[in-house]
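Q: Could you take me on a close look at one contact between two chains in this model? I'd like to know what each side brings to it, and then how it sits alongside a few other features.

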Number of protein chains: 4
Amino acid sequence: MLSFESDYITGAHPKVLGALIDTNYEPLSGYGNDKYSTRAKEKIKAACQCPDAEVFFLAGGTQTNRVVIGSVLRDYEGVVAANTGHVALHEAGAIEATGHKVLTLPHKDGKLEAGTLQAYLEAFYADDTCNHMVFPGMVYISHPTEYGTLYSKEELTALSSVCRAYKLPLYMDGARLGYGLCSYETDLTLPEIADLCDIFYIGGTKMGALCGEAIVFTKKNAPLHFFTMIKQHGALTAKGRLLGVQFDALFSDGLYFEIGKHAIDMAEKLKAIFAQKGYPFFMQSPTNQQFVILENAKMEALKRQVTFSFWEPYDKDHTVVRFATAWSTTEDDLEALKRIL
Amino acid sequence: MLSFESDYITGAHPKVLGALIDTNYEPLSGYGNDKYSTRAKEKIKAACQCPDAEVFFLAGGTQTNRVVIGSVLRDYEGVVAANTGHVALHEAGAIEATGHKVLTLPHKDGKLEAGTLQAYLEAFYADDTCNHMVFPGMVYISHPTEYGTLYSKEELTALSSVCRAYKLPLYMDGARLGYGLCSYETDLTLPEIADLCDIFYIGGTKMGALCGEAIVFTKKNAPLHFFTMIKQHGALTAKGRLLGVQFDALFSDGLYFEIGKHAIDMAEKLKAIFAQKGYPFFMQSPTNQQFVILENAKMEALKRQVTFSFWEPYDKDHTVVRFATAWSTTEDDLEALKRIL
Amino acid sequence: MLSFESDYITGAHPKVLGALIDTNYEPLSGYGNDKYSTRAKEKIKAACQCPDAEVFFLAGGTQTNRVVIGSVLRDYEGVVAANTGHVALHEAGAIEATGHKVLTLPHKDGKLEAGTLQAYLEAFYADDTCNHMVFPGMVYISHPTEYGTLYSKEELTALSSVCRAYKLPLYMDGARLGYGLCSYETDLTLPEIADLCDIFYIGGTKMGALCGEAIVFTKKNAPLHFFTMIKQHGALTAKGRLLGVQFDALFSDGLYFEIGKHAIDMAEKLKAIFAQKGYPFFMQSPTNQQFVILENAKMEALKRQVTFSFWEPYDKDHTVVRFATAWSTTEDDLEALKRIL
Amino acid sequence: MLSFESDYITGAHPKVLGALIDTNYEPLSGYGNDKYSTRAKEKIKAACQCPDAEVFFLAGGTQTNRVVIGSVLRDYEGVVAANTGHVALHEAGAIEATGHKVLTLPHKDGKLEAGTLQAYLEAFYADDTCNHMVFPGMVYISHPTEYGTLYSKEELTALSSVCRAYKLPLYMDGARLGYGLCSYETDLTLPEIADLCDIFYIGGTKMGALCGEAIVFTKKNAPLHFFTMIKQHGALTAKGRLLGVQFDALFSDGLYFEIGKHAIDMAEKLKAIFAQKGYPFFMQSPTNQQFVILENAKMEALKRQVTFSFWEPYDKDHTVVRFATAWSTTEDDLEALKRIL
């Protein structure tokens with residue numbers, strides 16, 4: 001069946017899979033002590049123009065968030081996030097399970113605004129009883145956000161400034177970073193993100209890998225014994241090659257950006273199809289996830305021919321649903337969708 | 001370089017990799033809601049002759065131990081293990097990070113004996129102040145053990161009886177289960193293990209998969225909302241197909257046992273080579289890991305031609321090292337080792 | 001200096017202190033295994049008209065919240081609370097430190113409304129992806145609330161009904177319960193609270209004890225091995241008599257209610273003084289905490305003669321402050337305050 | 001009934017209780033921001049001859065251990081302790097509940113020897129795979145130990161040296177410190193302990209207070225935001241005066257040492273009575289806890305006339321029991337015991 005259900009419905013991009021096939025028989029040490037992992041890290045540092053970066057590979061997004069946040073925060077600290085943030089809502093309490101509170105602030109189009117953060121921090125430290133409360137210890141943002149929106153360079157710079165003024169590490173969840181970097185509307189490059197953030201991760205799972213996320217500590221600021229923390233969280237991959245080889249492929253010959261660009265091209269066409277047919281959008285998304293408002297009857301009818309994701313109820317008679325594109329989305333898929341609509 | 005460093009030095013068994021290649025382009029739902037995952041679970045239940053089993057797929061061993069133990073134990077409980085158990089020593093405190101103590105008992109050849117467990121439990125409940133202590137909440141064993149040894153049917157039956165008398169779930173870490181099942185010396189079958197244990201996992205990573213372990217709750221005894229607990233631990237794989245497809249391959253046409261048998265055949269030959277050359281063994285292992293005592297000078301010399309694992313110091317002049325076989329070990333490898341020795 | 005800073009500025013009510021003095025030399029077993037603790041529990045059960053109740057004594061409020069909530073919730077659950085709830089804001093992340101999320105909902109005058117709870121629960125279970133989220137596992141309310149307000153019998157009954165429909169234990173933080181029970185405006189009795197709630201605690205620290213809170217599990221529903229959980233949280237008092245003797249005194253001859261009534265009488269007079277002088281109130285509180293809006297200049301001037309608590313900024317020029325009465329507040333104190341104002 | 005059950009069977013020493021009575025009506029700020037707490041801290045710093053010390057008051061021993069250890073350790077670290085240590089056995093998993101492992105080493109007479117610690121640390125860091133294990137992060141000792149034994153100055157100096165060589169904070173559990181300081185056989189003074197340890201606590205509960213332990217960070221080394229951590233653990237006392245006033249009394253006019261000396265005098269006489277009657281001792285204890293081996297029949301008979309604590313089985317027919325003295329033990333009690341024996 002035609003599927004726009006998510007950006008992880010198919011296996012690996014052929015070049016990623018090819019790299020796994022090509023290296024399959026080589027004996028390599030475990031736990032990331034292999035040449036492909038080393039090489040992939042160097043390529044990522046180069047792509048970030050960030051020679052001081054420390055790079056680690058984990059398997060998935062929630063895992064990455066809990067390992068990073070759990071390892072960076074001190075016991076008396078929580079992580080500040082927009083109330084729409086993935087860590088605040090859809091990670092089954094993974095952050096709290098590490099003993100830390102998610103301190104939520106109101107969002108604007110899925111984004112945390114610098115002014116909102118600044119006001120919260122000022123009020124917090126102005127409160128005499130703040131030592132009875134959870135201290136803010138880092139700031140979490142997602143880019144693209146959970147609604148597919150993007151921070152502008154100006155917005156990210158402002159947020160970064162507030163974080164630095166308060167000595168709070170700024171952490172970007174880049175599960176879909178490639179789609180952000182290749183959006184027609186972005187003015188942020190990977191080196192700029194590496195410069196403005198203290199920690200971020202480059203998503204692989206939703207960008208053509210079987211699994212895998214690359215954490216980048218941009219300022220030689222990896223927590224002490226981070227390797228051991230990965231192990232403690234159950235996140236250390238015995239066959240570390242699985243992650244190294246895939247990221248080595250993703251960061252060879254611009255593949256990561258090629259995948260991003262393809263999915264964005266497909267998303268823009270998909271957006272045009274919906275617009276042309278008169279469907280309203282829930283939010284204007286410049287990335288690979290498109291949020292469309294469907295009449296409930298129409299939604300049920302569509303479901304028989306194409307898969308997509310339920311997002312949230314809109315009103316009694318309408319629902320917000322998500323259509324996602326990925327490396328494997330084809331022009332034929334779009335044509336088929338057009339016909340169905 | 002010739003390598004006997006571990007049983008996870010190479011990628012996937014060709015049939016496992018083939019299955020990933022064959023299914024790569026199929027659009028499938030995420031999080032394990034795909035037909036391959038479903039099919040793999042049915043095959044595992046059949047292989048275990050355990051229709052009541054509930055099966056879940058995770059990525060790695062330490063992850064599996066922390067998710068299972070952390071989810072099964074109540075807050076006032078700890079897990080009982082031999083003091084040589086993986087969870088007690090080599091998981092970077094993953095169990096304690098979930099808030100639970102590992103209650104260690106003395107081992108015999110890496111095994112927890114029924115009598116040792118019984119004596120501990122009797123003394124615990126005889127102590128008036130036991131409500132100031134951590135209650136035993138489940139029993140962890142590994143099979144094969146960390147020293148490659150195996151429980152006999154009689155030993156496992158005795159242990160299982162003690163556990164049932166005290167209503168303690170018996171959990172078997174089967175990271176290398178296939179090597180145990182295919183050992184020349186075992187008298188335990190997979191259905192018998194499923195019968196005697198309440199929970200166990202069938203290791204994939206060390207048995208020819210890129211990653212993956214299959215948890216089997218044998219008595220419809222999966223903890224409530226175990227799926228959510230997997231997510232909370234950061235252990236949910238978005239592309240769940242990665243695990244489902246691999247286990248579907250491993251449990252098709254007896255592949256899992258074929259891999260086990262091959263590695264055992266290779267290990268027995270390797271054992272014979274060392275014995276023939278007069279090397280003493282640290283422990284008699286009937287499985288794919290062989291623990292040899294080397295003179296330190298000899299060890300250093302060998303390292304230049306073949307990789308193996310440091311295990312532990314034996315005395316001032318000798319070291320215990322481990323040689324492991326796997327699906328990818330060849331007769332040629334053994335010949336090469338023989339020449340080097 | 002004249003002080004209305006809090007309801008814990010003085011030591012113990014003379015009758016409570018007297019009981020400690022009278023029993024000081026008696027040798028008694030530790031950890032609550034003493035006759036005073038037993039007797040106090042019986043008196044509390046009688047006062048609650050709740051023969052099935054199980055009663056435990058802890059030292060303080062945040063401690064009680066973390067022990068109760070941490071012990072009752074399963075790993076995949078969080079506690080639902082108004083976003084003004086003490087557990088959500090002023091306990092330094094104590095709940096999260098036990099691994100659980102505080103799921104906040106909007107408040108009305110510091111209260112969680114039944115309709116708000118119902119709507120949240122309906123939406124939660126209607127969401128297909130709810131197994132990626134924290135499950136609601138219990139409901140926390142405070143009575144009096146953090147703003148001194150009270151649930152009516154109708155409101156508490158409605159909330160209790162929603163909780164029971166969803167099988168969620170309803171837990172009341174009664175740090176200041178006595179002031180609620182003795183308010184001129186309440187229509188809720190202690191037995192009614194015991195009937196409508198599944199768990200609540202009767203505050204001692206803020207009601208004339210040196211320390212101490214009495215947890216009441218109203219339906220034989222104490223978590224298994226709750227004694228051990230108390231110990232694990234570091235909340236077990238070796239000289240358990242300290243708590244037992246005090247609660248025995250508080251629940252003898254109606255002392256607990258006498259203290260409550262006295263403080264309420266004082267609070268109503270204090271309220272009248274402020275009203276008479278034309279000070280606006282931030283919220284209408286029928287209990288011992290009164291929230292007054294002061295001009296900042298006036299506030300600074302007052303501070304030199306009387307202590308009170310900063311609550312929150314009101315606007316640029318005004319601040320919300322709290323005046324609290326307690327067992328030790330006298331008519332003279334009120335006269336003095338009147339003169340100062 | 002005559003009782004030697006523990007050193008917390010009676011209320012407070014009359015001077016301690018007197019101080020609570022004398023200060024009962026003074027209005028004081030909460031959370032330890034009162035003049036008695038401040039004064040008590042200064043007195044403790046003076047008694048320790050440690051002007052750099054930072055002092056905090058908590059309510060009980062297990063609480064103190066979990067707050068200190070939980071706050072000092074980083075996530076990848078555990079606490080090293082003798083396998084007889086209170087934190088390893090009798091705190092219901094309080095340390096593990098904070099996410100940290102107790103790394104146990106063999107004891108000698110209840111003590112951790114410097115050589116044992118040194119050997120463990122050397123082996124740990126010599127192991128290539130130590131980053132898969134829990135790192136030692138601090139060292140816990142109790143003084144007097146759980147068996148009433150004491151470290152000599154030489155032993156503590158040696159232990160302290162090893163800790164400093166490895167940059168591990170040395171933490172002493174001084175639940176019964178006063179009895180150690182007043183033992184006839186000790187050669188360690190309080191200032192020496194403050195010098196050799198990085199953190200220790202001065203027990204109050206078992207030394208004549210109703211509750212209370214004084215934590216001393218001896219080198220300006222209190223963890224950042226330790227106040228907030230106390231709150232988070234549920235260990236912050238609203239009426240902080242309760243602890244401050246008691247410690248102010250205990251450290252006025254040498255009361256703490258007077259209490260210690262009295263109990264030691266009583267213990268030596270008790271020891272002489274048992275010795276004279278021919279009872280064997282389980283361990284030679286120079287402090288207030290005496291461990292006697294009783295025939296089981298004799299034990300049952302004795303129980304009818306005097307209370308004492310079961311310690312552990314000795315053999316089939318004998319049991320180790322504990323008799324403890326305290327501030328309230330009298331010559332009459334000893335005479336009565338003598339008659340009974």
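A: Happy to! Let's start with the area buried between chain A and chain D, which is about 1,800 Å². Carbon and sulfur atoms give 55% of that area. Please keep in mind that this is a predicted model, so these values come from predicted coordinates.

On the chain A side, the residues that lose the most area to chain D are Asp75(A), Tyr76(A) and His132(A). Together they make up 35% of what that side buries. As for who takes part, the contact draws 18 residues from chain A and 18 residues from chain D.

Now for the polar side of things. Six residue pairs are in polar contact across the interface of chain A and chain D, with both residues at pLDDT 80 or more.

Where in chain A does the touching side come from? Two helices, α3 (61–72) and α10 (226–232) of chain A, each supply at least two residues of the side that touches chain D. The largest share of that side, five residues, comes from α10(A). Sorted by class, the side of chain A that touches chain D has eight nonpolar, seven polar and three charged residues.

One example is formed by Glu42(A) with Lys45(A), where the closest N and O atoms are 3.6 Å apart. Both residues belong to helix α2 (residues 35–47) of chain A, and because they are three residues apart there, about one helical turn separates them.

To finish, here is a feature to look up in chain B. Seven strands of this chain make an open sheet with mixed pairing, in the order β2-β8-β7-β6-β5-β3-β4. Its edge strands are β2 (54–58) and β4 (102–105) of chain B, each of which pairs on one side only. From one strand to the next, the twist averages 25°. Within the sheet, strand β7 (residues 199–203) and strand β8 (residues 213–217) of chain B pair in the antiparallel sense over five bridges.

Definitions and conventions: Residues are numbered from 1 along each chain as its sequence is written. Chains are lettered from A and ligands numbered from 1 in the order in which they are written. This is a predicted model: local features need pLDDT of at least 70, side-chain atom pairs count only at pLDDT 80 or more; totals for chains, interfaces and linings use all residues. Side-chain values use heavy atoms; hydrogens and water are left out. Two strands pair if DSSP finds at least two bridges between them. Helices (H or I, at least four residues) and strands (E, at least two) are DSSP runs, numbered from the N terminus. Axes are lines fitted to C-alpha atoms, for helices over the stretch in contact, and angles run from 0 to 180 degrees between N-to-C directions. Contact means heavy atoms within 4.5 Å. Buried area is the accessible area (1.4 Å probe) that two parts lose on being put together, summed over both. A polar contact is a pair of N or O atoms within 3.5 Å; within protein, one must be able to donate a hydrogen and the other to accept it, and residues adjacent in sequence count only if both atoms are side-chain atoms. Ala, Val, Leu, Ile, Met, Phe, Trp, Tyr, Cys and Pro count as nonpolar, Asp, Glu, Lys and Arg as charged, and the others, Gly among them, as polar. A salt bridge is a side-chain nitrogen of Lys or Arg within 4 Å of a carboxyl oxygen of Asp or Glu.
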